[in-house]
Structures are given as C-alpha cells and as structure tokens.
Amino acid sequence: MASEPTAFANPVKFGGDLELDPRAYELRRAGRPLKLERIPMELLLLLVERRGQLVTREQIIERIWGRDVFLDADTSINSAIRKIRQVLKDDPEEPKFIQTVTGRGYRFIGGVTDVAPLTLAPPSQAPVGPNQGLQSAGDLASPAETITQVRRLGVRFHGRAAQAAVAAVVLLLFLGAIGYWSSQRRSLLRPQFKTIAVLPLQNYSGDPQQEYFVDGMTDSVIADLGKIKDLRVSHVIDPDVYELYLKGRHIMERGGLQDVRNAIGYFQSGLEKDPDNALLYTGLADAYINKMMDVHESPAEATSKARVAAEKALQLDDSLAEAHTSLGMIKLSYDWDWAGAEHEFNRAIELNPGYPLAYVMYGQYLTMVGRQTDAVPYFEKAHKLDPLFGQSYRGEGYSCFMAHKYDEAIIQYRKALELEPDAITYFGLVLARAEGGDYVTAITEAEEATKVDNSPLLLTSLASAYARAGRRADANHVLRRLQELWERQGTAPAWHTGRSPYVCPYEVAGVYAQLRENDRAFDWLDKAYRNRSCLYWLRVDPRFDSIRPDPRFQELLAKMNFPK
C-alpha cells in the first residue's frame, strides 16, 4: 500500500466543530468520531495537509495507491470525494471545504485553526517517497501548487522569530521553483513550466504595523522568482477573484441561458477587482461562445464580445491553454478558419496537456471536417482527464450522431445528462432517438421537455421528431411557431435586449430537409449562412443527407471552404 504518514501530526480544527486527528486517524464533530472509510480518510488527510493548494488527481493516485496502479482510480477518487462531502455536509456547488478544480483535481479551502507553528521538518521526521511533503527542491510539486494561500493556512506573525519563519518559507518556495524548473528541463516527457502566479501573503498578527512586512514578503517572492530564466511570474492573484473564476466555470457547464448569464456575472465581478486577470477573460470569452454555440444568442452578437475577451486574454498571457482554446472555438464556429482553429487547439494541448476542453473542441473540429474516427481518442482523453466533465460526453454525443452512430450517441448524451441536465444535451438526445428510429420515445421526451422549457432549441427538436415520425402537420405547426419567433427577434437578436432566446436558422433548415421540403430547407440554410449560424456541422449532419446531392448544397459547402 502506497499511503504514508501525513506531514502534520497535531489535530487541526475547521468548520467550527470539526476536528481531524492524524495520529488517532479520526475525524470528529463536536468531539464525536465520524465514520469515514480508509480511502476517504487518506484523501482528506492529504487535502488538509496541502490545504489551499491544488492537489491533482495524479498526485492523489500516487499517494494513495502508488504509481503503477491497475484499477479504475478515477472512479475511486470520485467515490471518496463524495463520501467526504457527505460526512462534512459540504455542498459541491457552494463548497466550504472541498473545492473541485475542473479537469485538474481538488483543493481544501476551509479555514484551519490550532495548527502547530510553521517549521521545517527535521530530516528524521521528513516524509519519505515522492510527493510526500516538502523534502528537497527536486522533489517538490510544481511551484503553482507549492505556493499556498497563506491567508487560509492561518500563519501568524510574532516578532523576529515569525519573520525568520516566513523568510524560510519564502526561501523554500524559491528553491522549490528552481528545483521544479530544473527537473522540467531535464524531462522531455513532461510539459515545460513557464508561468507562475503568486497569491498575496496575509497579515494575521492583528498588528497593523506588520502590513509593510507582509507586503514586502509578497514582493520578495515575486522578485526572486523573476530572476529565474524562462520563468514568467504573473501579478499577484486575489484568492477571492480566483474563486469567482471557478464559480463561473462551474455554473457555465450547466449550459442553460440563465446559467451562462450568471457565469458572465461572476467573471465580470472578478474583472472589476482584477482588470488584468487573463483567466477571467478566457472564462468570459467561453461564456459568450457557449451562448452562440448553444444557440442562446445570434452568432454576430456573441462572437464580437467573445473575440474581444479572448484576444485580451492572449495579450495578457499568451501561454494560457484556455485562451488558445477560446480563440480556436471562435475560428471554428464563426470564422470557419479551419486551419487556424486546428492550430489553436493543438497549441492549447501543447501548453497544457491536462486541459480537457481543448481535447473536446479538437475532437469536435475533427468531426466537423469529416475525420470522426480520428476524433474518438480526443474525447476519450477528455473523459480520462475529468470523468465529471459533462461537456466531453456531450461533445462525443455530437460526434457519434454526425457519424450515424445513434445508439452510441444516446449513451454519451445520457452520461452528460446524469452530470448536468441541460437543454442542449436534451436536444441532442431527442435528435439521436428520432434519427435512430425510436420516434415514440423521441416525441414523448420532446413534448415533456417543451412543457418545462419551450425554448426555440427544444421546439426544433420536437419538430424534428415529428418529421421523422411522419407527422407532417404537427411538425409544420411547430415550424410556424418558430417562424413567428424568428420574425419577432429580427436578424441579430441579443439575449439582453429581448426575452426570446435565439432561433437558429440552421436547425430549422434541418427539419425542412427531413420533411423533404428542399426549397424551404435551402431558404433557411441561406439565412444560416448570412448569420453564420451553426453551419460548422453541415458537412456531416445526417439530417441533410436527402439534399446532399443537390448542387445548391455542394455550392454552400464550397463557400465554407471545408478542408479536403
């Protein structure tokens, strides 16, 4: 078994009445022991030991099971996190203790008290083995993980002794950065570490006179790290700002229009506090892109704002995988710059091989250009990086649907819905059932969905199910409703100026193609072309199979300049 003793020996308290005692191997609430199995207990000890730091899934696996483990560790981690949250009564959507960092791992964010004074462990007490604590510069985790949020550690300053302790911490961080950077240069198999962000040290002494010292220590860390060649040190990040970023990312995954609006609110609130935060600009860009790709807003309206945010993020930090992914999504969905999009996605993966959204979007790109077989490994990689990332299952659902693999598409859509029920995934599920011949289920589910949410997107799925079932009158009834909404919204609606979400002309064209009303289908495809609305799927979308031989269809494909 790979578990090792924790790096802290004394009990620590958090959350008011919770106490974690590593020596007794016990978690208590108000003095009463709580039941927690071994794996969840080991994971909680690890997270509290590295409180305030990101603990990656790879680090968890190595700490608890060892390096060469042959089991479904991801499922075990998910189960352990769920059990910890149940015992702590921690809400994953509004966490007080365990914070999920999508696609990366977890962070313990609860304030901890009754911690022993911060000292360096003597050699006889130093943990043994890789990633088991602070041993030497070469064995440290990355500086981004080692530089902890001192505010949450509860470090207190008391005179010269405390100043010496802090100086030791600063020195250790600096050596850790050098060691990690050096080890990165020696390894050709790991991504090069290029950027580090420093969180501000906090004054917990209660003495305002110590503020200058704390600020000076923060500046010292930045200055010393800045001396390392090829290492870029970004400006100080406010933990509260980063929390707004994480909240925005999380709620955006739900996919609903109000969810995306709320996410934009989080990102904008963060930018009010930190106007030069590149990550917040990537979140803002992706929110606007999602509004366009999930047909909440006209492409022109959404893309103009997304482009400004993405370019600002790259201007601030061109080493961010998130920013390159955002720009790739714009080039793919609106510019139809296929080569440019592929370049951005590959660059994002190169910069951060652990960013699942880059794999999802590259998989979708490969599907759009007719390389569905090549796309599969990228979706699988995204699933492996983050099994709880619903967008990866939805993306593979699209890919399977476009490849006429409807049963597989249904499986992926259902996985996505289990994680985050949203209209765009439900829309895809209904289309897959209808194209696969299960008309009764498709119609039943679409009718039930539109009773709760009669958005144009779900209305389109209902019309599609009617069309595939041969119920032309019912399909045309829904289409007339969509026509009315289209005329009401105008050619370039914006979500903030009208109540009705965007009617996507591409989706309406798909229904007319299913009804074999070719002229109307091309009329709506022309609207989609002029609005640059969702046409990126046109080359492979099975709903247009009946009109694919038509010269007008081939002419439209040529105008979009799909790669051969």
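The model described here is predicted.

Strand β1 (residues 12–14) runs antiparallel to β2 and is joined to it by three bridges; F14 has L18 of β2 as its bridge partner. Three residues separate the strands of this hairpin, and G15 takes a positive phi near 65°. Strand β3 (residues 26–29) is also antiparallel to β2, with four bridges joining the two. Here D21 is bridged to E26 of β3. The hairpin of β2 and β3 has four residues between its strands, and Y25 in the turn has a positive phi of about 55°.

## The sheet β5-β7-β6

Three strands in the order β5-β7-β6 make an open sheet with antiparallel pairing. β5 (54–56) and β6 (98–101) are the edge strands, each pairing on one side only. From one strand to the next, the twist averages 30°. Three bridges connect β5 with strand β7 (residues 105–108), and T56 stands opposite G105 in β7.

Helix α1 (residues 38–49) packs on this sheet and touches β5, β6 and β7; its direction makes about 65° with that of β7. Helix α2 (residues 57–64) lies across β5 and β7 and runs at about 65° to β5.

## Helix α11

Helix α11 (residues 299–316) has 18 residues, which at 1.5 Å a residue should span 26 Å; its end C-alpha atoms are 25 Å apart, which agrees.

Which residues of α11 are buried? They are P299, A302, T303, A306, A309, A310, A313, L314 and L316. These residues cover an arc of only 155° around the axis, so they lie on the same side of α11. V308 and Q315, on the other side of the helix, are exposed.

## Confidence

The average pLDDT of the protein is 78, and 71% of the residues score at least 70. Over residues 115–168 the pLDDT stays under 50; the model has 103 contacts beyond four places in sequence for this stretch. Residues 177–194 also have a pLDDT below 50, with 32 contacts in the model beyond near neighbours in sequence. Where pLDDT is low, the predicted coordinates should not be read in detail.

Note on methods
Residues numbered from 1 in each chain as written. Predicted model: local features only at pLDDT ≥ 70, side-chain atom pairs only at ≥ 80, totals over all residues. Heavy atoms only, no water. Expected span 1.5 Å × (residues − 1). Buried < 20%, exposed > 50% of the residue type's maximum accessible area, 1.4 Å probe, protein only. Arc of directions from axis to C-beta. Pairing = 2+ DSSP bridges. pLDDT = per-residue confidence, 0-100. Contact = heavy atoms within 4.5 Å. Axes fitted to C-alpha atoms, helices over the stretch in contact; angles between N-to-C directions.
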